[in-house]
Amino acid sequence: MFQTLRARVALILLAVAASSFFLYRNYMRGGPDGKPAGQMVTLGLDLQGGSHYALELDQTGQKLTAAQRDDAIERALTVVRMRVDEMGVAEPLVQKSGKDRIIVELAGLKEGNSAKEVLQKTAFLEFQIVRPLTELQPALPRIDQAIARAFPASARGAGAAAPANPVGGILQTAPKADSAGRDSAGDSTAVAANTTTPAGTAAAGVNAAPLSSKIGPGPDGSLAIRKADEAEVARWLAHPEVQRLLPRGSELLWSIPETEANPEYRTFWFVENRPIMTGEYLEDAQAQSDQFGRPVVAFELSRAAGRRFEKATGEHINEQMAIVLDNRVYTAPSIRSQIGSRGQIEMGTSKLEDASELALVLRAGALPAPLKVVEERSVGPSLGRDSIQNGKTAGLIGVMIVIGLMLLFYKFSGLLAVAALSVYVLFVLGSLAALDAVLTFPGIAGLILSIGMAVDANVLVYERIREELDAGRNVKAAVSEGFRHALSAIVDSNLTTLITAAILYYVGTGPVRGFAVTLALGIIASMFTAIFVTRTLFLAYLQRRPAAQSLSI
C-alpha cells in the first residue's frame with residue numbers, strides 16, 4: 001500500500017498534521033479561567049503542583065466487617081470520582097490503595113481546603129420526580145428577561161446565539177437517535193418559541209432570549225446545551241432571580257458528565273425539588289438479569305420507607321424518576337407500576353456492566369461511614385518549574401550528544417537520522433496530547449531515554465548497510481537489504497522493552513505509570529521513524545540521484 005514514495009510521504013505528512021493538531025488543541029484548551037491553558041501536554045502533579053489526599057472510612061463508633069468495608073470502599077471510590085470530575089481538574093488521579101484507602105491527586109488545584117471539604121462530604125442519594133417540560137415553557141420568557149438584566153454582557157451580540165437549524169420551540173421536536181438507537185441532543189437543537197424582545201432590552205445586537213436560544217431537547221426528557229455554553233448557562237441558572245422564577249416546587253439539576261450520551265452536549269433536568277425518597281432508606285442494590293436475560297438493577301428499601309415509596313410511585317405511574325447523587329442526575333428511568341420495598345430498574349439495551357455501575361451508585365448514596373482525610377500534601381509549582389527546567393537541560397544535552405555522534409559516525413546518513421528524530425519527538429508529544437496522558441517528571445526521563453533508543457534502530461540499519469556496501473552491492477540494493485535484514489533485530493529489541501513497559505504500567509502507580517506510558521509511546525514512535533520515515537528519506541534521496549555510486553555513511 002505504501003510502496004510508492006508519494007504514498008509514504010503522504011502518510012508521514014498526515015501523521016505530522018495529526019500530531020500538530022492534537023498539540024494545538026491542548027494548547028488552546030480552556031483553563032479554569034476560560035483562557036487557553038497554554039499546555040500542549042498535560043503536566044502531572046510533580047510538574048505543575050497541586051494537592052495529594054489519602055482518604056479512609058471513618059469507623060468511629062462502629063465496626064465494619066471485612067466484606068462491609070470492601071463494599072464501602074468501592075462505593076466511596078465511585079462517589080469520589082464523580083466529585084473530582086465535577087471540580088474540572090485536568091487528568092486527576094483517583095485510585096484505591098491497599099484495602100481501605102483512596103488516593104486522590106489533583107494537579108494544578110490551588111483551592112485545597114474547598115477540595116478537602118468536597119471529598120469528605122457524605123454522599124447524598126435522592127429519588128426525585130421529573131416534571132413535564134410544558135410546565136417550564138411559560139416561565140422561560142421571564143427567565144430570559146431576568147438573565148438579560150442580570151448579565152447584560154452575555155445578552156449582547158448579533159441576535160440570538162441559537163444553535164443550527166432552530167425549529168421554533170423546545171417542546172416541539174423529539175430527540176434525535178444516534179447510530180446505536182439511543183436518544184441524543186443532535187445538531188437540530190431547538191430554540192424557545194418566545195422571540196419577543198423583553199421590555200428594556202429592545203436594542204440592536206441584544207439577544208432577547210439568551211437562555212432559550214441555547215437550550216434544546218435532550219435525551220429522555222432532559223434539556224441540552226452545547227458543552228461550550230456550560231459555564232455561562234450554569235452561572236445564569238444559579239442566579240437567585242432565575243431560581244425565584246422557576247415554577248413553584250421545582251429545580252434544575254445537571255446530569256453527571258460521564259452519563260452524557262453525546263460528549264459535545266451537557267444536559268440538565270427539570271425536577272421536583274422535594275425527593276420522594278433518600279438514600280438513607282436504601283438497604284441494598286444489585287445488578288441482575290431478568291427472565292429474558294436483560295440487565296436490571298434490583299433494589300431493596302426498609303419496610304417503612306417501602307410503604308411511602310409505594311404511595312409516591314403510585315401517584316406518578318408512567319412518569320420519570322430521577323436518581324440524583326450529590327445534586328447530579330445519574331439517570332431517570334420511567335415508573336411503570338407501584339414500587340414497594342422491592343423494585344427494579346430496567347436497563348434496556350445497556351450492558352450488565354452498566355447495571356453494576358448504577359447499582360454501585362445507588363449503594364454509594366448510603367455509605368455506612370463517612371470519609372476522612374488521613375494524609376494531605378501540597379506540592380508547590382516551584383518544584384515543577386525546577387523539574388521542567390532540569391528535564392529540558394538534560395534532554396537538550398542528550399539530544400545534542402546523540403546528534404553529534406550520529407553526524408560524526410554516519411555523516412550524511414546521520415543527518416537523515418537526525419531529521420527522522422525530530423519527527424519522532426513530534427509523534428511522541430502528539431501521542432501524549434491525543435491520549436490526554438499526563439507527563440510527569442519520570443515521564444520526562446522516559447522521553448529522554450526513548451530519544452536515545454530512537455537512534456538505536458538507525459544504528460542497526462546503518463551498520464547493515466555498511467556491510468552490504470563492503471560486500472560490493474550498489475547503493476540502492478545496499479539500502480534495501482540493510483533495512484530488510486535489520487528489521488527482525490529492531491522488532492525483537494523494541495518488543496522486549498515494550499513488554500517491560502507494559503509490566504511497569506500494570507503493576508505501577510502514578511509516576512511509574514507515567515514513565516511506562518512515555519517509554520511505550522517512544523518505542524512505538526521510534527520503530528515507525530527508524531523503519532518508515534528514515535527509509536522514506538533514503539528513497540527520496542536515491543530517487544533524485546538514481547546513478548549514485550557511493551553513500552556518505
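Analyst: Grid points are joined across faces, edges and corners, and a volume is the space filled by probe spheres set on the points. This is a predicted model, where local features need pLDDT of at least 70, side-chain atom pairs count only at pLDDT 80 or more, and totals for chains, interfaces and linings use all residues. Residues are numbered from 1 along each chain as its sequence is written, and side-chain values use heavy atoms, with hydrogens and water left out.

User: How much space lies in the second largest pocket?

Analyst: The lining of that pocket takes in 42 residues, with Asp220, Thr331, Glu346, Met347 and Ser350 nearest the centre. Strand S16 (328-331) and helix H10 (352-364) are among the elements that each supply at least two lining residues; helices (H or I, at least four residues) and strands (E, at least two) are DSSP runs, numbered from the N terminus. The space in the second largest pocket is about 1500 Å³.

User: Which strands stand at the edges of the open sheet with S16 in it?

Analyst: The sheet has 4 strands in the order S12-S5-S15-S16, with antiparallel pairing; two strands pair if DSSP finds at least two bridges between them. S15 (residues 321-325) and S16 are joined over 3 bridges, and Leu325 has Arg328 in S16 as its bridge partner. A strand at the edge has a single partner strand, so one side is left without a neighbour in the sheet, and that applies to S12 (277-278) and S16.

User: Is Tyr330 buried or exposed?

Analyst: Tyr330 sits in strand S16. Leaving aside neighbours within four places in sequence, Tyr330 is in contact (heavy atoms within 4.5 Å) with residues including Met82, Ile256 and Val361. Buried means under 20% relative accessible area, exposed over 50%, and partly exposed in between, with a 1.4 Å probe and protein chains only. Because its relative accessibility is 13%, Tyr330 counts as buried.

User: What relative accessibility does Ser413 have?

Analyst: Ser413 belongs to helix H11 (residues 381-434). Beyond its neighbours within four places in sequence, Ser413 is in contact with Tyr462, Phe538, Leu551, Ser552 and Ile553. Ser413 counts as buried because its relative accessibility is 0%.

Terms used:
1 Å grid on protein atoms, 1.4 Å probe; cavity = no way out; pocket = protein on both sides within 12 Å on 5 of 7 lines; lining within 4 Å.
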